[in-house]
Amino acid sequence: MATFDLLITRCDVLVRQDDRYTVVNDHDIAIAGNRITAILPSGQIDPNQARERLDAAGLLAIPGLINCHTHAPMVLFRGLAEDVPIESWFNDYIWPLESNEEPEDIYWGALLGIAEMIQAGVTTFAEHYFFCDEIASAVEQSGVRANIGWAVFGHEGIEKLDLTCRFVERWQGAAGGRITTWLAPHSPYLCDRDFLRATAERAKALGVGIHIHCSETHEQVAWSLRQYGVTPPVMLRQAGVFEVPTLLAHGIGLTADDLAMLKDYDVAVAQCPKTYMKLAMGTAPVRAMREAGLAVGIGTDGVVSSNTLDVLEQMRLLALDQKQAAKDSTVLPLQEVMDIAFEGGARALRQPAIGALAAGKLADVVLLRQDGAHLFPRHDPLANLIYSANAGDVEAVICDGKVLMRARRLLTIDLPAVKAEVARRLERLKQRAAEKRLATYPMSG
């Protein structure tokens with residue numbers, strides 16, 4: 001009788017030994033159900049014990065990549081807001097465009113975004129968007145793992161907040177545990193203190209966390225000081241948000257005092273450097289966040305500000321941006337980037353069973369080709385992974401023990417059908433009417 005459901009053979013494996021990432025060559029990975037049961041030198045596991053085998057000779061196995069902050073259905077608007085300042089990006093493009101969305105659009109947009117993430121080796125993502133039942137359905141169908149929060153603006157009122165709470169209750173632990181749900185107020189600049197307090201109270205009652213944009217720019221911090229007399233994180237603390245696990249998106253404008261305060265709470269920060277560069281938002285104090293003990297993970301944000309859902313690209317840009325800002329090439333070395341991408345992402349989403357390849361961990365495994373000219377020679381496999389590899393190198397993806405892509409072929413999503421459905425909706429979706437926008441970015445003018 002078979003002992004393992006899947007045996008991945010003859011691959012190189014990215015592992016963590018003595019708190020350092022390293023690659024061990026020519027190993028097999030045994031998976032039973034949705035867990036890794038063994039990682040051993042090739043030949044030590046009897047292949048006849050496996051129901052299914054995947055020959056990975058020459059490939060590099062890494063933990064499934066974790067996208068700690070994204071708006072996956074925004075793939076519907078890819079390329080529609082280029083070379084504009086952040087105020088116009090929100091008020092003239094994004095929120096008018098999003099006013100066109102209907103629930104079914106979100107389903108197809110989510111499937112397209114998830115397909116892109118699978119092709120890029122992402123097995124887990126933290127979603128912050130609208131019509132989340134449709135997103136959850138897409139996650140359930142596609143086989144990936146997701147933390148999903150239904151974004152809500154303060155002006156939509158408590159009734160809308162309660163609608164998002166019902167979503168949390170419907171989908172928490174669904175898809176065999178692959179779906180977790182949090183509350184997701186948009187931001188301290190579009191949710192006042194009373195609304196945030198109501199959100200925190202509901203999150204405590206539901207036993208869930210909160211995913212929120214915070215201190216995205218220094219201008220937002222200055223506006224908060226004028227409007228409320230405190231920085232955005234202090235406002236969140238006053239509203240009780242930090243009484244539950246919290247994921248802050250961005251945090252570019254976090255001050256030294258903010259960080260000194262945040263270290264006393266269960267707070268993590270998601271970093272999306274491509275968005276910061278593209279919208280000229282500034283550089284986040286990543287080293288100071290980590291020195292304060294905060295979990296820092298990597299996200300892609302939505303593709304209207306980052307154009308792709310490629311976490312490998314964001315890893316590279318995070319390191320380069322931090323080096324450039326510090327004017328110090330030794331900042332954020334290879335080991336630290338790996339720690340942020342994998343263990344940091346798992347900590348940020350409060351999912352300790354992901355982010356590493358080891359016996360007992362969830363079987364989220366990505367296999368990358370190593371034979372491209374851009375990856376040869378392989379003097380340092382970690383340097384190749386961070387600075388040379390790209391989404392096109394992803395050969396196979398396993399999530400929760402199930403193969404989602406093999407030989408670059410998606411197995412759970414019919415991509416041509418999804419693209420056809422999305423294409424059918426684009427003419428309606430791309431219309432912009434400023435008077436219909438969902439919200440107004442208050443820093444304008």
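Author: A definition comes first: rings of Phe, Tyr and Trp (its six-membered ring) pair if their centres lie within 6.5 Å. Please note also that this is a predicted model.

Reader: Which kind of aromatic pair do Tyr-107 and Trp-108 form?

Author: The ring centres of Tyr-107 and Trp-108 are 5.0 Å apart, with 75° between the planes. Planes over 60 degrees apart count as edge-to-face. The pair of Tyr-107 and Trp-108 is therefore edge-to-face.

Reader: Phe-242 and Tyr-265 also form an aromatic pair. How many residues apart are they?

Author: This pair is tilted, at 5.6 Å centre to centre and 45° between the planes. Phe-242 lies in the loop between α7 and β11, and Tyr-265 in the loop between α8 and β12. The pair thus links distant parts of the chain, and its members are 23 residues apart.

Reader: Is Phe-242 buried or exposed?

Author: The relative accessible area of Phe-242 is 5%. Because buried means under 20%, Phe-242 counts as buried.

Reader: Which residue has a side chain joined to that of Ser-305 by a polar contact of 2.6 Å?

Author: Ser-305 is found in helix α11 and is buried, at 1% relative accessibility. Its side chain reaches the backbone oxygen of Gly-302 at 3.2 Å. The polar contact of 2.6 Å between side chains joins Ser-305 to Thr-275.

Methods:
Residues are numbered from 1 along each chain as its sequence is written. This is a predicted model: local features need pLDDT of at least 70, side-chain atom pairs count only at pLDDT 80 or more; totals for chains, interfaces and linings use all residues. Side-chain values use heavy atoms; hydrogens and water are left out. Helices (H or I, at least four residues) and strands (E, at least two) are DSSP runs, numbered from the N terminus. Buried means under 20% relative accessible area, exposed over 50%, partly exposed in between (1.4 Å probe, protein chains only). A polar contact is a pair of N or O atoms within 3.5 Å; within protein, one must be able to donate a hydrogen and the other to accept it, and residues adjacent in sequence count only if both atoms are side-chain atoms. Rings of Phe, Tyr and Trp (its six-membered ring) pair if their centres lie within 6.5 Å; planes under 30 degrees apart count as stacked, over 60 as edge-to-face and the rest as tilted.
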